Amino acid sequence: MNIHHIGYLVKKIERAKQSFLKLGYALEQDVVYDDYRKVDICFLTKDGYRVELVSPKSEDSVVAHLIKQYRNAPYHLCYETEHFDEEKIELEANGFTCMGEPCPAPALGGRRVVFLMSPAIGIIELYEA
Ligand code: NI
């Protein structure tokens with residue numbers, strides 16, 4: 001598995017995007033609406049790092065409760081793998097709990113992602129390469 005991006009929760013995605021651009025980040029993908037999770041998403045890069053801005057668009061968004069807890073803050077690391085199903089099973093065997101079924105991510109070319117929770121390190125995302 002390789003680190004693909006750092007997921008960053010934000011309340012106002014356009015304002016957040018502008019702040020990252022002022023820090024010297026380059027816009028990799030402008031804001032896209034993810035209908036599965038009811039969030040706006042965009043990607044920025046700097047120095048080999050990729051940051052994903054995630055902003056809830058409705059009260060039933062999967063991150064609506066998280067933003068109350070985290071406010072504007074990083075909240076997950078995403079790992080890319082060519083062996084999505086095998087890695088998911090192995091992570092589950094190692095104490096990570098799936099937070100839902102894998103589903104396609106429109107902002108990532110429709111490839112599958114799943115979120116898992118670790119009691120020790122919080123949320124991670126698995127992304128099908
Ligand atoms: Ni992510």
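Trainee: How many helices and strands does the secondary structure of the chain come to?
Mentor: Keep in mind that we're looking at a predicted model. Walk along from the N terminus and the elements run β-α-β-β-β-α-β-α-β-β-β-β. Tally that up and the chain comes to 3 helices and 9 strands.

Trainee: Where in the chain is confidence lowest?
Mentor: Overall, the mean pLDDT is 94, and 100% of the residues reach 70 or more. Helix α1 (residues 13-22) has the highest confidence, at 98. At the other end, with a mean of 87, sits helix α2 (residues 64-70).

Trainee: What radius of gyration does the chain have?
Mentor: Start with what you'd expect: for 129 residues, a compact globule would come out near 14 Å. The C-alpha trace spans about 40 × 30 × 25 Å along its principal axes. The chain's own radius agrees with the globule value, at 14 Å.

Trainee: Why is the pair of Y8 and F20 called edge-to-face?
Mentor: There are 3 aromatic pairs by the rule used here. Ring centres must lie within 6.5 Å to pair, and planes over 60 degrees apart count as edge-to-face. The Y8 and F20 rings have centres 5.2 Å apart, so they pair, and what makes them edge-to-face is their plane angle of 85°.

Trainee: Which parts does that pair tie together?
Mentor: F20 is buried, at 10% relative accessible area, while Y8 is partly exposed, at 22%. Ring pairs also link both of them with Y25 into a cluster. Y8 and F20 lie 12 residues apart in sequence, so their pair ties together strand β1 (residues 2-9) and helix α1.

How values were computed. Residues are numbered from 1 along each chain as its sequence is written. This is a predicted model: local features need pLDDT of at least 70, side-chain atom pairs count only at pLDDT 80 or more; totals for chains, interfaces and linings use all residues. Side-chain values use heavy atoms; hydrogens and water are left out. pLDDT is the predictor's confidence in each residue, from 0 to 100. Helices (H or I, at least four residues) and strands (E, at least two) are DSSP runs, numbered from the N terminus. Rings of Phe, Tyr and Trp (its six-membered ring) pair if their centres lie within 6.5 Å; planes under 30 degrees apart count as stacked, over 60 as edge-to-face and the rest as tilted. Buried means under 20% relative accessible area, exposed over 50%, partly exposed in between (1.4 Å probe, protein chains only). The radius of gyration is taken over C-alpha atoms; the globule rule is 2.2 Å times the number of residues to the power 0.38.
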